[in-house]
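Here is a short report on a structure with its sequence. Please read the text alongside the view.

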Amino acid sequence: MARNRGFLNELDRLAENIDRIAVAAFSRGPARAAEEIVVDLQEAGPVWSGKFSNSWQIETTDGRRTSGSGSPGLPQRIPAPLLSGRGFAFDDVKYTISNFSPYADEARDLVEGYFIDPGTTPLKEYDRGTRVSGYRGDLVGDDEGPNRSTAPLDWYTTYLRGGAIDRRIRIQLDEELGRIRL
Amino acid sequence: MNYQAIRAAVENPLLSAFGALVPAVPVYFDNITAVPPNTTTEYVRVNVTFGITNEPTLTSSVDNARGAIVIRVFTEKGRGPARNQTLLTAAVNALETLNSTAKTTSGVFFRVGEINGPTFSATEEAPHFVGRIDTSYVATVLS
């Protein structure tokens, strides 16, 4: 009888451990994925002064938010907020990544813009060419022309639609689940 | 991996679709320098990009690529969206045709995902009204 009670206690502890570790993994996994997605976007996107790439922000469904500084300089990592217990009550999107730069849509080649070369050297390598339309990355020419671009046309759509974001989420979730030891 | 075959699989139907319109509408693909900067005539710009190539699959005998297709339609500004939407419809129809193509034993098997848009924009500086759609694709080289 006493042996049975001990075994049941062990089972209870194991169940508690599974709950605790699973919640931690499912909270940390998406948070790490969100952080790494921002790093990917900073690497893939344009970096001239650095203001745009330091303007990404990560927000959870329950309203917690961490933001970049919006300041010039090399892109800085943003720690993602962890979901609170309340965050798990929502059955929809858990993390939202957005960019609060006033010219975020132009930088992502979603709309046309009006671009003036500031004459400074961008923080990232650039291509030179002639801008055909009003889209930031729409340059043609073999490294000749009056315009410069630090990211290829449609870099953002390619990241979003080309499978890289799915792979990033999968890697981070696998990594967190792989850390579970019972 | 045959990137050129994948590119051709999406570019050819689009070229045919816009070529069949009366009057035919010029289509410009990546690395084509023929679009005159600040032109006021209508045209279409297609950007085919590659994302991930060869994700692990059950067999090593196929080549997979994923990527994005962005189509921008440039029409005269100040004349309403009708013409732009007509051209976008041609583009969407061409993409949907790709999805109804049967899988064969060789060539490229091409499928596009959901189509995002159209979104429209016009700026004071640029001479065009622009409609934009984008979609994802998965292409498998079968030969």
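## Chain A

The model is predicted. Chain A holds four helices and six strands. Read from the N terminus, its elements follow the order α-β-β-β-α-β-β-β-α-α.

Chain A has 182 residues, and 34% of them are buried. Take the contacts in chain A between residues at least 6 apart in sequence: 52% of these join residues at least 24 apart.

## The sheet of chain B

Chain B has an open sheet of five strands. The strand order is 1-2-3-5-4, with mixed pairing. Strand 1 (27-28) and strand 4 (108-122) of chain B are the edge strands. Each of them pairs on one side only.

Within this sheet, strand 3 (residues 63-76) and strand 5 (residues 128-141) of chain B pair antiparallel, over 14 bridges. B:G67 has B:Y137, in strand 5 of chain B, as its bridge partner.

Helix 2 (residues 82-99) of chain B lies across strand 2 (43-53), strand 3, strand 4 and strand 5 of chain B. It runs at about 165° to strand 4 of chain B.

## The contact between the chains

Chain A gives 19 residues to the contact, and chain B gives 22 residues. On the side of chain A that touches chain B, helix 3 (155-161) and helix 4 (164-178) of chain A each supply at least two residues. Helix 3 of chain A provides the largest share of that side, three residues.

By class, the side of chain A that touches chain B comprises six nonpolar, nine polar and four charged residues.

Technical notes:
Residues numbered from 1 in each chain as written. Chains lettered and ligands numbered in written order. Predicted model: local features only at pLDDT ≥ 70, side-chain atom pairs only at ≥ 80, totals over all residues. Pairing = 2+ DSSP bridges. Contact = placed C-beta atoms within 7 Å. Axes fitted to C-alpha atoms, helices over the stretch in contact; angles between N-to-C directions. Nonpolar A, V, L, I, M, F, W, Y, C, P; charged D, E, K, R; others polar. Buried ≥ 20, exposed ≤ 12 C-beta atoms within 10 Å, placed from the backbone.
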